[in-house]
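Let's walk through this model together, one question at a time. Have the sequence and the 3D view at hand.

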Amino acid sequence: MRIDNYALSLFQACPLKYHLRMNCGWVPLRKSPALVFGGAFHAGLEHWYNTGSEEGALRAVEEEWGAINTGDDFRTVLKCKAVVKEYIKNYPAEGWQVLELNGEPVVERAFTIDTGLRLDDGEPVEYGGVVDLLVVQAGNVWPVEHKTTSRMGGSYEYQFKPNNQITGYTWLAKQLVAQHGLDYKVRGGIVNAAGVYKSGKTKFVRYFNTRDDLDVARWLRDLKTQCEQIKRYERAGEWPMNTASCTAYGGLCDYHSVHTLSNEQEQESLLEMSYHKEVWDYENRQ
């Protein structure tokens, strides 16, 4: 069984949401402004860390925005370009170096590694994801995750410990360091956050989230348990709905409008009208 952080997060939020996205492939035709902005911001930073060209980074933002072609609040393409320019200005000299593996910098790279876990039927569990950056700082390797938010406050950092993505990517980085025979420690991950607001200055904060061996061991145990649950639902053909996630984080689930309908035929009609099918493949993500 192969699972990445995105699929795992969907399942933890709601098994039925996982099923609609991962198994059925349904994706909303219209993306949220926050998702559009985050994708374009990632594209800009990917180009910046690969080339060091500010001009190229801003062009990458425009190209990504043109491909997704949406966004209807204060998070516009001009705002995104401005935030990328502010980011580059805010970090004129980095305290880290981007790690290279096999001669290539680890910038927006996909990895999949066998966890060594085996499900009850003997099937191996592989875990992966797309790492925004792997960096070396003070003799340690850190996976870095870029995040954009309009809610950066005193409690913002609490969501990252415990956090499955940071712990999972810590485990992933440990495996990569060992596989390549590198003399580094991996002590956790870095959340590279940008607070973006309708009015007011953009805030840039980096949160260092440490993980020890016990944290990683617990994550691996939980991963096996959740993969077993996915297999049980697949065998049964039944995917329960977690209604606590319908309006989580102050917004609506992507499939909220579908599940306000009781009739399955009406649900299917809405899916065919307002969604399209797209296979999730993080290893070949555009």
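Q: Which residues line the largest cavity?

A: A note before we start: this is a predicted model, where local features need pLDDT of at least 70, side-chain atom pairs count only at pLDDT 80 or more, and totals for chains, interfaces and linings use all residues. Residues are numbered from 1 along each chain as its sequence is written, and side-chain values use heavy atoms, with hydrogens and water left out. On a 1 Å grid over the protein atoms alone, a cavity is a set of points where a 1.4 Å probe fits but cannot get out, and lining residues have an atom within 4 Å of a point. The lining is made up of Cys14, Lys17, Met241, Asn242, Ser245, Cys246, Cys253, Tyr255, His256 and His259.

Q: What volume does the largest cavity have?

A: Grid points are joined across faces, edges and corners, and a volume is the space filled by probe spheres set on the points. Searching the whole structure turns up one cavity of 30 Å³ or more. The volume of the largest cavity is about 80 Å³.

Q: Which helix gives the most to the lining of the second largest pocket?

A: A pocket is an open set of points with protein on both sides within 12 Å along at least five of seven lines, and this one holds about 250 Å³ of space. Of its 13 lining residues, the closest to the centre are Leu16, His19, Leu20, His259 and Gln267. Helices H2 (15–23), H8 (256–259) and H9 (264–274) each give two or more residues, such helices being DSSP runs of H or I of at least four residues, numbered from the N terminus, while strands are E runs of at least two. With four residues, the answer is H9.

Q: Which residue caps the N-terminal end of helix H6?

A: H6 covers residues 164–179 and reaches 22 Å from its first C-alpha to its last. At its N-terminal end, a side-chain oxygen lies 3.0 Å from the backbone nitrogen of Gln165, and that oxygen belongs to Asn163.

Q: Is Thr202 buried or exposed?

A: Thr202 sits in the loop between strands E10 (188–195) and E11 (203–210). Its side chain makes a polar contact (N or O atoms within 3.5 Å, one able to donate a hydrogen and the other to accept it; residues adjacent in sequence count only if both atoms are side-chain atoms) with the side chain of Glu86, at 3.4 Å. Buried means under 20% relative accessible area, exposed over 50% and partly exposed in between, using a 1.4 Å probe and protein chains only. At 6%, Thr202 is therefore buried.

Q: How many residues apart in sequence are Gly128 and Tyr282?

A: Gly128 is in strand E7 (residues 124–137) and is buried, at 0% relative accessibility. Beyond its neighbours within four places in sequence, Gly128 is in contact (heavy atoms within 4.5 Å) with residues including Ile3, Phe111 and Tyr282. The C-alpha atoms of Gly128 and Tyr282 are 8.5 Å apart in space, while their separation in sequence is 154 residues.

How values were computed: The expected span of a helix is 1.5 Å times one less than its number of residues.
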